[in-house]
Amino acid sequence: MKYSYLLIASLVLNSIAFGQADEKSRAMNKPIPPFRIAGNLYYVGANEISSFLITTPKGHILLDGGFVKTAPQIERNIAQLGFKIEEVKILLNSHAHLDHAGGLAELKKKSGAKLIASSGDAEPLRRGGRNDFRFGDTLIFPPVEVDQIIADGESVRLGDQIMTAHLTPGHTRGNTTWTTKISDNGKTYDVVFAGSPTALDYQLVGKESYPGITADFEKTFSVLKKLPCDIFLSDHGTFYWFLEKREKLLRGENPNPFIDPDGYRRFINHFEKEFHDKLDAQRRAAALSTRAPE
Ligand SMILES: [Zn+2]
């Protein structure tokens with residue numbers, strides 16, 4: 001499976017460049033039936049905007065809230081799987097953009113869950129995306145209170161389930177990659193929920209989009225490369241070939257198509273190259289513009 005480069009670029013840029021009501025966003029927010037990925041890990045998101053439920057006897061963990069308009073889908077999906085939204089005790093977020101954090105306020109209200117986020121993204125969540133370092137006040141969502149700040153390498157525990165935060169900043173200041181372990185059919189798998197590693201149209205050279213953004217991206221790729229990964233997931237379906245894998249799983253393919261360590265490495269390599277291409281292009285442009293006129 002190869003990335004359709006243009007498709008991803010256009011999906012991601014459009015998801016960021018427009019509100020949720022536009023055609024491109026609606027195309028990413030189509031309802032699909034929820035299903036079990038492996039063990040106690042379930043998919044409860046839309047066709048492209050991902051959201052995951054990890055269930056435990058002590059309550060459940062929900063990762064990502066989608067757009068404002070994804071929240072009712074997520075609630076329906078949780079109910080359709082036979083779980084209750086009120087049993088969700090912990091809400092997590094990949095990053096504070098409107099296509100992954102837009103539904104959090106509603107989901108928090110319905111569940112009464114505690115929202116745990118990194119310090120870098122807690123403020124944008126509380127501000128509802130206002131005063132974004134790139135988008136200003138153009139991509140706002142309902143503000144949501146963060147109850148607990150999680151630091152790099154710290155874990156959240158619910159029952160026997162442990163979710164660990166790995167800060168992978170750049171796409172947002174507090175962009176977070178979560179990891180956990182899931183047992184299925186007597187085997188235990190390392191699961192990576194990779195936060196978006198895309199540099200969009202950010203300024204990486206000269207006056208950076210935020211001070212240190214380029215160093216943050218470099219750090220992010222080295223962090224991602226070190227994480228052990230069997231089951232590879234992310235916040236956008238296209239990042240991990242979600243729809244194809246879902247079809248294969250529902251057809252009964254064995255081994256589970258979501259077990260994809262090679263895909264995880266291809267994902268990192270693809271976006272690391274994309275980042276360095278952007279960086280190189282911006283460096284060349286900066287060198288040209290500072291050259292003395294002849
Ligand atoms: Zn984003």
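The model is predicted, so local features need pLDDT of at least 70 and side-chain atom pairs count only at pLDDT 80 or more, while totals for chains, interfaces and linings use all residues. Residues are numbered from 1 along each chain as its sequence is written, and side-chain values use heavy atoms, with hydrogens and water left out.

Let's start with the metal. The zinc ion has His-95 (NE2), His-97 (ND1) and His-171 (NE2) as its protein donors, 2.1 to 2.2 Å away. Donors here are N, O and S atoms within 2.8 Å of the metal (3.2 Å for Na, K and Ca); water is not among the atoms, so sites may look incomplete. Along the chain, the donor spacing reads H-x1-H-x73-H. Both His-95 and His-97 are buried (under 20% relative accessible area, with exposed over 50% and partly exposed in between; 1.4 Å probe, protein chains only).

Now the sheet. Seven strands make an open, mixed sheet in the order β1-β2-β3-β4-β5-β6-β7. Its edge strands, β1 (35–38) and β7 (148–150), each pair on one side only. On average, neighbouring strands are turned by 30 degrees against each other, direction ignored. Strands (E, at least two residues) and helices (H or I, at least four) are DSSP runs, numbered from the N terminus, and two strands pair if DSSP finds at least two bridges between them. Axes are lines fitted to C-alpha atoms, for helices over the stretch in contact, and angles run from 0 to 180 degrees between N-to-C directions.

| Strands | Bridges | Partners |
|---|---|---|
| β11 (residues 187–194) and β12 | four | Val-191 and Ile-231 |

Helix α6 (residues 119–126) packs on the sheet, touching β6 and β7, and its direction makes about 125 degrees with that of β6. Contact means heavy atoms within 4.5 Å. Asp-121, Ala-122, Pro-124 and Leu-125 of α6 are buried, and the buried residues of α6 pack against α4 (98–101), α5 (104–111), β6 and β7. Just after α6 comes Gly-128, with a positive phi of about 60 degrees.

Finally, β11, helix α7 (residues 213–226) and β12 form a right-handed β-α-β unit: with the strands pointing away from the viewer, the path from the first strand over the helix to the second runs clockwise. In β12 (residues 231–234), Ile-231 and Leu-233 point one way, Phe-232 and Ser-234 the other, and all are buried.
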